[in-house]
Amino acid sequence: DAREEYFKANVEASTRIARLARKAGVQRLVFVSSIGVNGNSCGTSAFNETSVPNPVDLYAVSKHEAEHALCDLCDKSGLELVIVRPPLVYGPGNPGNFLRLLELADSGLPLPIGAFNNLKSLIYVENLASALVECARRPAAAGQTYLVSDGHDVSTVELVRQLRLLMQRPPRVMKVPVPLLEALCGLAGKAKALEKFTSTLAVDGRKIRRDLNWNPPVHYQEGLRRTVEWFISEGRQK
């Protein structure tokens with residue numbers, strides 16, 4: 001039961017840690033949630049901290065439930081809580097969706113996504129770590145929810161081109177009519193994968209910069225360069 005497994009990992013384990021932390025005298029808990037709590041697509045306006053949550057998949061639903069459970073527990077126990085919702089995290093050693101994107105860029109295959117005009121927010125792993133440290137130590141962060149990113153939104157097409165450029169490969173992106181590509185992916189059972197790959201999912205990260213005077217220490221382009229460098233030297237072997 002996938003829902004039960006997500007609930008155990010993200011709700012039960014998180015609340016258990018919070019109780020033990022409070023018992024040990026910890027004053028603040030920083031919970032890494034997910035931008036998926038807000039939804040899989042933001043439409044024409046970037047998500048911010050006032051956006052109404054709309055978790056779609058089981059993972060995001062469990063993260064949303066964990067946020068509620070922790071808020072209730074921390075309100076009753078006096079433990080300070082900070083919730084951070086990052087978008088897609090990338091960096092050396094990254095698994096999951098970004099690794100698949102690196103493998104796709106590395107394949108050299110022509111990608112039929114040139115007709116899509118979307119935007120994605122990303123965050124480099126060192127930037128996320130930096131934001132979490134500030135959330136842990138800054139008094140102003142207590143009780144807050146923050147959306148974080150590199151501050152540089154990019155389209156999927158442009159991201160693929162940048163990755164291939166760093167890999168010294170030709171871009172090879174084709175413009176296939178969107179309805180045709182959607183129909184083909186639907187027949188192949190890949191409609192949801194295409195939607196996730198090409199939807200707009202951007203975040204407005206101004207609140208954490210304003211409240212905590214935080215700025216990403218690693219520029220987006222440098223983060224990509226380091227990630228591709230890792231992939232070329234180690235990631236292809238995984």
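Reader: At what angle do helix α5 and helix α9 pack, and how far apart are their axes?
Author: Keep in mind that we're looking at a predicted model here. Two packed helices get described by the angle between their axes and the distance between the axes. For helix α5 (residues 156-166) and helix α9 (residues 220-233), the axes sit 10 Å apart and the angle is about 55°.

Reader: Is the crossing of α5 and α9 left-handed or right-handed?
Author: Look at how α5 passes α9 in the structure above. The crossing is right-handed.

Reader: Which residues of α5 and α9 make the contact, and how many are nonpolar?
Author: From α5 come Leu159, Gln162, Leu163 and Leu166. From α9 come Tyr220, Gln221, Leu224, Arg225, Val228 and Ile232. Sort these residues by type and you get one charged, two polar and, for the nonpolar ones, seven.

Reader: How does α3 lie to α9?
Author: Helix α3 (residues 96-107) packs against α9 with the axes 11 Å apart, at an angle of about 75°. Angles of 65 to 115 degrees count as roughly perpendicular. That's why α3 is, relative to α9, roughly perpendicular.

Reader: Which residues of α9 meet α3, and how does that contact divide by type?
Author: On the α3 side you'll find Phe98, Leu99, Leu102, Glu103 and Asp106. They meet Leu224, Thr227, Val228, Trp230 and Phe231 in α9. By type, the contact of α3 with α9 has two charged, one polar and seven nonpolar residues.

Reader: What radius of gyration does the protein have, and what would a compact globule have?
Author: The C-alpha trace spans about 55 × 35 × 35 Å along its principal axes. With 238 residues, a compact globule would come out near 18 Å. The protein agrees with that, because its radius of gyration is 19 Å.

Reader: Is Arg137 buried or exposed?
Author: Arg137 is found in helix α4 (residues 125-137). Its relative accessible area is 52%, and the cut-off for exposed is over 50%. So Arg137 counts as exposed.

Reader: How far apart in space are Arg137 and Arg28?
Author: In sequence, Arg137 and Arg28 are 109 residues apart. In space, C-alpha to C-alpha, the distance is 8.8 Å.

Note on methods
Residues numbered from 1 in each chain as written. Predicted model: local features only at pLDDT ≥ 70, side-chain atom pairs only at ≥ 80, totals over all residues. Heavy atoms only, no water. Axes fitted to C-alpha atoms, helices over the stretch in contact; angles between N-to-C directions. Helix = DSSP H or I, 4+ residues; strand = E, 2+ residues; numbered from the N terminus. Left-handed = near helix turned anticlockwise from the far one by under 90°. Contact = heavy atoms within 4.5 Å. Nonpolar A, V, L, I, M, F, W, Y, C, P; charged D, E, K, R; others polar. Rg over C-alpha atoms; globule rule 2.2 N^0.38 Å. Parallel < 35°, antiparallel > 145°, perpendicular 65-115°, else oblique. Buried < 20%, exposed > 50% of the residue type's maximum accessible area, 1.4 Å probe, protein only.
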